[in-house]
Amino acid sequence: MRVRGRTLRPSTLAERRLMTALGVDFIRVPRKHNPFIVARRFERAARCETPDHLFLRKVVQQSPRPPQPSPEPDTLDPVAQGAA
């Protein structure tokens, strides 16, 4: 995150995607907030390192996966084409 005064602009693709998802190109931080703290929290959100993201990632990893179909065995015979 690039901080210039109270304006924050993305410096990585992850940050840019998050800003685009929020519908903005840059963030103007109000005077009641510290721009460096806002930038740090935004970077964590872009990297998915917040407690909510970590919890969801753990839940997804522990969830059972649906069974995948087995691929068809390879055969040496040519595939017959049906008459049209």
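Student: How many aromatic pairs does the structure hold?

Tutor: The model is a predicted one, and it holds zero aromatic pairs. To count as a pair, two rings need centres within 6.5 Å.

Student: What makes R9 a charge over the face of F26?

Tutor: R9 lies 4.8 Å from the ring centre of F26. The limit is 6 Å for CZ of Arg, which must also be within 35 degrees of the ring normal. R9 is therefore described as lying over the face of F26.

Student: Which residues make up the largest nonpolar core?

Tutor: Seven residues do: M1, L8, M19, I27, V29, A39 and F42. Members of such a core must be buried and joined through side-chain atoms within 4.5 Å. Leaving aside neighbours within four places in sequence, A39 is in contact with M1, V3 and L8.

Student: Why is C48 called partly exposed?

Tutor: Its relative accessibility is 26%. Buried means under 20% and exposed means over 50%, so C48 at 26% counts as partly exposed.

Student: What is said of the phi of C48?

Tutor: C48 is not a glycine, yet its phi is positive, about 60°. Most residues other than glycine have a negative phi. C48 is found in the loop between α2 and α3.

Student: Where is T50, and how do you know that its side chain makes a polar contact with that of H53?

Tutor: T50 is in the loop between α2 (35-46) and α3 (51-62). The side chains of T50 and H53 make their contact at 2.5 Å, and the cut-off for a pair of N or O atoms is 3.5 Å. Leaving aside neighbours within four places in sequence, T50 is in contact with R44 and A45.

Methods:
Residues are numbered from 1 along each chain as its sequence is written. This is a predicted model: local features need pLDDT of at least 70, side-chain atom pairs count only at pLDDT 80 or more; totals for chains, interfaces and linings use all residues. Side-chain values use heavy atoms; hydrogens and water are left out. Rings of Phe, Tyr and Trp (its six-membered ring) pair if their centres lie within 6.5 Å; planes under 30 degrees apart count as stacked, over 60 as edge-to-face and the rest as tilted. Buried means under 20% relative accessible area, exposed over 50%, partly exposed in between (1.4 Å probe, protein chains only). Contact means heavy atoms within 4.5 Å. Helices (H or I, at least four residues) and strands (E, at least two) are DSSP runs, numbered from the N terminus. A polar contact is a pair of N or O atoms within 3.5 Å; within protein, one must be able to donate a hydrogen and the other to accept it, and residues adjacent in sequence count only if both atoms are side-chain atoms.
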